[in-house]
Amino acid sequence: MILAHADQATRRYGDVLALDRVDLTVSAGELVGLLGPNGAGKSTLINMLVGLRRPSAGRVELFGGDPRRPASRRQLGVTPQETGLPGTLRVGEVVDFVAAHFPDPVPRAELLDRFGLTDQEKRQTGGLSGGQRRRLAVALAFVGRPRLVVLDEPTTGLDVEARHTLWEAVRSFHADGGTVLLSSHYLEEVEALAQRVVVLGQGRVLADDTVGAIRGIVGVRRVSLTADDLPALPGVVATEHADGRTHLLTTDADQLVRDLVTAGVAFRELEVRPTSLEEAFLAITAQGPAATGPTVTDATDPAPTDPTAAPTSAAAGGRPTA
Ligand SMILES: Nc1ncnc2c1ncn2[C@@H]1O[C@H](COP(=O)(O)OP(=O)(O)OP(=O)(O)O)[C@@H](O)[C@H]1O
């Protein structure tokens with residue numbers, strides 16, 4: 001059963017094309033990670049799916065209806081990127097206030113325990129730390145026993161322990177049959193939680209598949225070496241320089257090494273290793289519509305334009321992204 005659906009959803013803010021014909025389907029029981037750099041369109045997509053924004057073109061559906069209708073949102077729990085809490089209310093009171101809107105809410109003590117907030121129950125929310133406030137905002141998405149929870153960067157500002165507590169809560173919700181869509185900058189978060197990852201870049205879906213499949217399809221390798229001078233080399237997705245070493249990201253490490261030898265490069269300490277999901281993700285993003293990898297430094301080669309190049313086929317190899 002499809003719980004949330006975007007069909008060619010497009011959103012403009014004035015001249016800014018924030019989302020460009022995005023297709024996304026979230027089915028019951030899935031835990032989907034939405035990954036993308038700043039400004040990729042994650043919040044815009046989430047806000048449209050939960051009824052906070054209207055698409056400029058295309059269609060969005062929640063539980064088979066218009067997300068802007070309250071009836072469509074009854075079984076939804078949301079934590080937007082930014083939330084305001086009434087500063088003078090105590091944590092327990094805020095939970096009770098939200099719980100009062102639902103027929104069968106999670107008991108206060110159980111919810112606070114699940115999110116590591118038991119010790120804060122009697123404190124006014126205005127006196128909480130940023131991380132505690134964030135945890136409370138996320139906890140509130142679960143209070144009404146929703147079928148679908150949508151979390152926009154839920155762990156921003158949380159320390160490692162708080163992040164792990166929150167992951168456990170999300171996992172247990174999912175294990176009990178809940179459906180989750182969460183956006184994140186943290187790749188380890190998506191790897192730790194999600195079965196499926198949708199990569200957004202510049203308002204487009206660049207890839208939609210399992211974490212493993214995306215890494216496999218992209219197949220980016222990191223070729224590290226020390227060399228005084230490097231010519232332009234084909235097949236290099238991105239180049240980084242650090243501590244006197246050059247790191248070349250490529251989808252064909254064997255060919256790159258052959259090219260280095262053919263070009264007569266006097267390299268030392270050559271090392272080839274697989275990349276993390278983060279590097280694979282950056283490689284996909286770097287080859288999005290305008291080829292602007294967010295943290296890839298000093299890309300010396302233009303992104304390949306060959307439509308069969310690996311990152312493009314990452315999109316084609318996954319679920320339909322056109
Ligand atoms: N209300 C708005 N008015 C004008 N432009 C907007 C508005 N909201 C978002 N945008 C623009 O739309 C694009 C997508 O923004 P969005 O917040 O959806 O990205 P994001 O992937 O959630 O980014 P981040 O990771 O930084 O939260 C950006 O270029 C942003 O500047």
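Guide: A residue is called buried if 20 or more other C-beta atoms lie within 10 Å of its own, and exposed if 12 or fewer do. The structure shown here is a predicted model.

Visitor: Which residues of α5 are buried?

Guide: The buried residues of α5 are Ala 162, Arg 163, Leu 166, Ala 169, Val 170 and Phe 173. They lie on the same side of α5, because they cover an arc of only 120° around the axis.

Visitor: Why would spaced-out residues point the same way?

Guide: An α-helix has 3.6 residues a turn, so residues three or four places apart point the same way.

Visitor: And which residues are exposed on the other side of α5?

Guide: Val 160, Glu 161, Ser 172 and Ala 175 are exposed there.

Visitor: How far apart are the end C-alpha atoms of α5?

Guide: They are 22 Å apart. Helix α5 has 16 residues, 160-175, and at 1.5 Å a residue it should span 22 Å, so the two values agree. Just after α5, Gly 177 takes a positive phi of about 105°.

Visitor: Changing topic: which residues are around the ligand?

Guide: The residues around the ligand are Tyr 13, Val 16, Ala 18, Gly 36, Asn 38, Gly 39, Ala 40, Gly 41, Lys 42, Ser 43, Thr 44 and Gln 81. Two elements, β2 (16-27) and α1 (42-49), each give two or more residues to this shell. The largest share, 3 residues, comes from α1.

Visitor: What is the make-up of that shell by class?

Guide: The shell has 4 nonpolar, 7 polar and 1 charged residues.

Visitor: Take Thr 44, then. Is Thr 44 buried or exposed?

Guide: Thr 44, which is in helix α1, is buried: 23 other C-beta atoms lie within 10 Å, and the cut-off is 20 or more.

Visitor: What does Thr 44 touch, leaving out residues up to four places away in sequence?

Guide: With those left out, Thr 44 touches Arg 11, Ala 18, Leu 19 and Arg 53. Thr 44 and Leu 19 are 25 residues apart in sequence, and their C-alpha atoms are 7.2 Å apart in space.

Visitor: Now the largest nonpolar core: which residues touch the most other members?

Guide: Of its 64 residues, those are Leu 45, Leu 49, Ala 139, Val 150 and Val 198. Apart from that core lies another, of 9 residues, among them Val 220, Val 223, Leu 248 and Leu 256.

Visitor: And the protein overall: how many helices and strands?

Guide: There are 10 helices and 13 strands. Of the 322 residues, 42% count as buried.

Definitions and conventions. Residues are numbered from 1 along each chain as its sequence is written. This is a predicted model: local features need pLDDT of at least 70, side-chain atom pairs count only at pLDDT 80 or more; totals for chains, interfaces and linings use all residues. A residue is near a molecule or strand if its C-beta atom, placed from the backbone, lies within 6 Å of it. Helices (H or I, at least four residues) and strands (E, at least two) are DSSP runs, numbered from the N terminus. Ala, Val, Leu, Ile, Met, Phe, Trp, Tyr, Cys and Pro count as nonpolar, Asp, Glu, Lys and Arg as charged, and the others, Gly among them, as polar. A nonpolar core is a set of buried Ala, Val, Leu, Ile, Met, Phe, Trp, Tyr and Cys residues joined through C-beta atoms within 7 Å. The expected span of a helix is 1.5 Å times one less than its number of residues. The arc is that of the directions from the helix axis to the C-beta atoms. Two residues are in contact if their C-beta atoms, placed from the backbone, lie within 7 Å.
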